[in-house]
Every structure is written in C-alpha cells, then in structure tokens.
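Subject: Handing over a structure

Hello,

I am passing a structure on to you, as promised, and I hope you enjoy looking through it. Please open it first, and then read my notes alongside it.

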2 protein chains.
Amino acid sequence: MNAKLQTRSDTRAQLIEAGTEVMLEKGYTNSGIQEVLSRVGVPKGSFYHYFESKEDFAVAIVEAFDTYYTAKINKALTDETKEPIERLRTYCLDSRDWMSEGKCKNGCLLGNLSQEMSDQSEILREKLSSIMTKRREMFARCIAEGQSSGNINPTWEAHKTAELFLCGWDGAMMRSKTTKSLEPLDGFIMLMIDKALRP
Amino acid sequence: MNAKLQTRSDTRAQLIEAGTEVMLEKGYTNSGIQEVLSRVGVPKGSFYHYFESKEDFAVAIVEAFDTYYTAKINKALTDETKEPIERLRTYCLDSRDWMSEGKCKNGCLLGNLSQEMSDQSEILREKLSSIMTKRREMFARCIAEGQSSGNINPTWEAHKTAELFLCGWDGAMMRSKTTKSLEPLDGFIMLMIDKALRP
C-alpha cells in the first residue's frame with residue numbers, strides 16, 4: 001500500500017472509531033457528522049471522500065463493530081478450557097463488566113441501533129438482522145455442545161434456547177440502561193444460566 | 001368544565017394521541033412537533049400553550065400510554081377466569097397480534113423510548129424506569145399466584161422470574177422488529193411459557 005492509500009485507509013478507520021463512540025453514546029439520529037470529524041481532526045467537507053452518506057457510514061460502523069465483536073464472542077464460546085455453560089457465563093460477565101465500568105450508560109451498539117433504526121433504514125435493518133441470525137447460530141452451537149456433553153439442559157432445542165438467551169440478554173441490557181442498575185443483568189445470569197440451562 | 005376548558009383539554013388529548021403515533025413510528029429525535037400539530041390541525045406556535053417543551057410532551061405521552069396500557073395489562077393479569085400461566089400467554093398473544101397487524105413495525109413505545117432516551121433525558125429515564133418497576137410487580141403477583149396454585153414452576157423466585165419474563169419479551173419485541181418476523185415472539189412463548197414456567 002502506498003503512503004497516500006495508507007493515509008486514506010487510516011483516516012477512514014479513525015472516522016469509524018470516532019463514529020462508533022458517538023453513535024454508542026447518542027444513537028444514529030442524534031449523532032452529528034461534524035462532531036465525528038472534529039474528534040478526528042478531519043476538515044469539514046471531506047466526509048464524503050470516505051462515505052457516501054450518513055447511512056453508509058453507519059453500515060461501516062456496524063460492520064467494523066461486528067468484525068471485532070464476533071471474534072470476541074467466538075473466542076469465548078469456543079474456549080475448550082471451559083464447559084459450554086461457563087462460556088455463556090463468560091459472555092454475560094464480559095458485557096456486565098462493560099456496563100458496570102460505564103455506569104450502565106450506552107448499552108449495546110447493535111441493540112440500540114436495532115431499536116432506533118429498524119423502521120428507518122432498510123439497509124441498516126438487513127445488516128443488523130443478518131448479524132442477529134449469525135450470532136444466534138454461534139450460541140446455538142455452544143448450547144448444543146453443552147447438551148451433548150451433559151453440561152446444559154437437553155430438553156430445549158438449541159436454536160430456540162439460543163434465541164431466548166439472546167432476547168433475554170438484549171432486554172436485560174436495555175433495562176439495565178433505563179434503571180441504571182446491574183440488577184436485570186444479575187437476575188438474568190442467575191435464572192437463565194444457574195437455573196434454566198442447568199441439566 | 002366550561003367550554004373553553006373543555007376545548008383546551010380536548011386539544012391537549014389530541015396532541016398526545018397524534019404524538020404517540022408519530023413517536024411510535026419514528027422515535028423521539030426523529031419526531032417533529034410540526035408534524036404532530038399538522039395532524040391535529042393546531043396552528044403552528046400554539047404547542048407551547050399545552051406543553052413546556054418536547055421533553056415535557058414526551059413525558060405526557062408516556063404517562064398517557066402507561067395509564068392506558070397498565071389498565072389493559074392489569075385486566076389480563078388478574079382475569080380470574082383463567083389460570084395465571086394462561087394470563088401471561090394472553091399478554092404475549094395480545095402484543096404478538098399488535099406486531100402481526102403492524103407487519104412487525106414500530107414495536108413497543110416504552111421499549112423504544114427506553115433504548116433511545118435513557119442516556120439523553122433524565123426525566124424520561126426516571127419515568128420509564130418507574131413504569132418498568134411497577135410492571136414487574138404486576139407480573140410478579142401473577143406469577144406468585146400461579147406458584148401458590150401449582151400452575152407455575154415454584155422453584156424460581158417470583159420477582160426474578162417476572163424480570164426475566166419482561167427482559168425476554170422486550171428483547172423478543174426488538175428482535176421481531178429488526179428481523180421483521182414473529183419467530184422471536186413465538187420462540188419466547190414456546191420456551192418461556194410452555195417449558196420454563198410449567199411446574
């Protein structure tokens with residue numbers, strides 16, 4: 001990659017990073033492109049060298065976040081040093097730490113954008129929906145592995161269990177953000193992992 | 001009430017009704033006061049005769065929706081012609097009908113505003129949080145009644161079960177909106193009501 005391309009690619013990545021922070025904090029509609037450009041120190045007017053539109057920018061943010069977060073989830077859910085049910089707990093505790101450090105602000109970028117944008121942007125909705133489907137498969141594989149090894153309650157079908165797990169966690173994240181309390185997350189971990197999923 | 005007061009009160013109620021529709025469709029930030037005024041046929045500039053601010057208007061919308069919806073939920077959850085577990089199913093099926101009729105658009109007004117506004121407006125956050133707490137109590141009472149009568153699994157504490165139930169349902173509503181499918185709702189009903197809560 002020559003120097004010019006390198007710079008262009010770096011600036012794009014910096015805009016995505018700053019945009020992720022701003023959108024996580026304010027959502028899509030409340031996020032101003034100008035604020036993102038200012039954070040990176042990119043001159044006004046050059047945004048459209050990098051992205052076609054604000055919607056295109058949001059898709060790039062969601063894709064970058066998905067790449068980073070899918071790798072993180074995949075690492076937790078395939079960690080063979082732990083039993084599958086403990087891998088699910090690791091996933092929950094990591095998100096709980098995130099919420100705790102941030103004093104229950106912000107929540108989950110993809111959850112927030114799903115709630116805000118599913119009826120406003122078909123491109124974003126499709127992207128978010130396909131990420132949800134992919135993620136459900138990852139959780140279903142971990143749950144099925146635990147069911148085979150006798151570590152997770154085998155009476156519920158793995159894909160449906162994964163869907164319930166993710167619905168419950170998304171809802172708990174939202175309620176944690178609104179009540180500014182970790183109680184919904186702790187309640188979920190206690191009931192879902194320590195009771196419902198136990199064999 | 002004299003004629004002038006009657007008219008003032010009617011107009012306020014009409015603004016709240018139209019505002020509910022617009023905010024359900026577009027969220028808080030994307031909703032324009034002008035659009036609400038146009039729908040009701042109230043002249044531009046008179047909004048502030050009725051509400052101090054857009055935030056004050058949103059609080060009035062949330063309060064009106066809560067009054068209406070709490071009565072509806074209370075009716076479903078205290079219907080003595082049905083076993084408690086069937087009352088929970090009625091609640092879910094009513095929301096499912098709403099999503100089905102609306103082709104999985106809009107979702108839940110309070111869930112949407114919680115996700116969008118919890119970090120943007122402390123007044124709205126407190127209002128939404130207190131509604132969530134009140135609602136959890138209503139569900140916990142129904143669950144405890146089912147546990148006493150042997151109709152609901154008694155091994156999980158009623159308040160924590162109510163929290164898990166509501167987190168799961170909120171998450172399923174969000175995922176239904178994003179995937180434009182009733183599957184997350186059906187999966188929740190099948191696993192939560194027909195498996196997890198069964199004694």
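Below is what turned up, going from the single chain to the pair of chains.

Before anything else, please keep in mind that this is a predicted model.

**Chain A on its own**

Chain A has nine helices and zero strands. Read from the N terminus, its elements therefore follow the order α-α-α-α-α-α-α-α-α. Along its principal axes, the C-alpha trace of chain A spans about 60 × 40 × 30 Å.

The chain is divided into two parts: domain 1 of chain A covers 1-51, and domain 2 of chain A covers 54-196. Their C-alpha centres lie 27 Å apart. How many residues of each domain are in contact with the other? For domain 1 of chain A the number is 11, and they are in contact with 14 residues of domain 2 of chain A. On the domain 1 side, helix α1 (residues 3-26) of chain A gives the most, with six residues. By class, that side of domain 1 has six nonpolar, four polar and one charged residues.

Take helix α4 (residues 54-77) of chain A and α7(A). Their axes come within 10 Å and cross at roughly 5°, which makes α4(A) roughly parallel to α7(A). To find the contact in the viewer, look in α4(A) for residues including A:Val59, A:Val62, A:Ile73 and A:Leu77, and in α7(A) for partners including A:Leu124, A:Leu128, A:Ile131 and A:Phe139. By class, this contact has 12 nonpolar, one polar and four charged residues.

Helix α7(A) also packs with helix α5 (residues 84-101) of chain A, at an angle of about 145° and with the axes 8 Å apart. Here A:Pro84, A:Ile85, A:Arg87 and A:Leu88 in α5(A) meet A:Cys142, A:Ile143, A:Glu145 and A:Gly146 in α7(A). Five nonpolar, one polar and two charged residues make up the contact of α5(A) with α7(A). A:Cys142 is one of the α7(A) residues that meet α4(A) as well.

**How the two chains meet**

The contact between the chains takes 43 residues from chain A and 43 residues from chain B. On the chain A side, α6 (109-117), α7 (122-148), α8 (158-179) and α9 (183-196) each supply at least two residues. Which helix gives the largest share of that side? α8(A) does, with 16 residues. By class, the side of chain A that touches chain B has 15 nonpolar, 17 polar and 11 charged residues.

Chain A can be laid on chain B with an RMSD of 0.0 Å, by a turn of 180° and a shift of 0.0 Å along the axis. The two copies are thus related as by a two-fold rotation axis.

α6(A) and helix α6 (residues 109-117) of chain B pack at an angle of about 130°, with their axes 9 Å apart. That makes α6(A) oblique to α6(B), and their crossing is left-handed. The contact is made by A:Gly111, A:Asn112, A:Gln115 and A:Glu116 of α6(A), together with B:Gly111, B:Asn112, B:Gln115 and B:Glu116 of α6(B). By class, the contact of α6(A) with α6(B) has no nonpolar, six polar and two charged residues.

Methods. Residues numbered from 1 in each chain as written. Chains lettered and ligands numbered in written order. Predicted model: local features only at pLDDT ≥ 70, side-chain atom pairs only at ≥ 80, totals over all residues. Contact = placed C-beta atoms within 7 Å. Helix = DSSP H or I, 4+ residues; strand = E, 2+ residues; numbered from the N terminus. Nonpolar A, V, L, I, M, F, W, Y, C, P; charged D, E, K, R; others polar. Least-squares fit on C-alpha atoms with pLDDT ≥ 70 in both. Domains from an automatic or database assignment. Axes fitted to C-alpha atoms, helices over the stretch in contact; angles between N-to-C directions. Parallel < 35°, antiparallel > 145°, perpendicular 65-115°, else oblique. Left-handed = near helix turned anticlockwise from the far one by under 90°.
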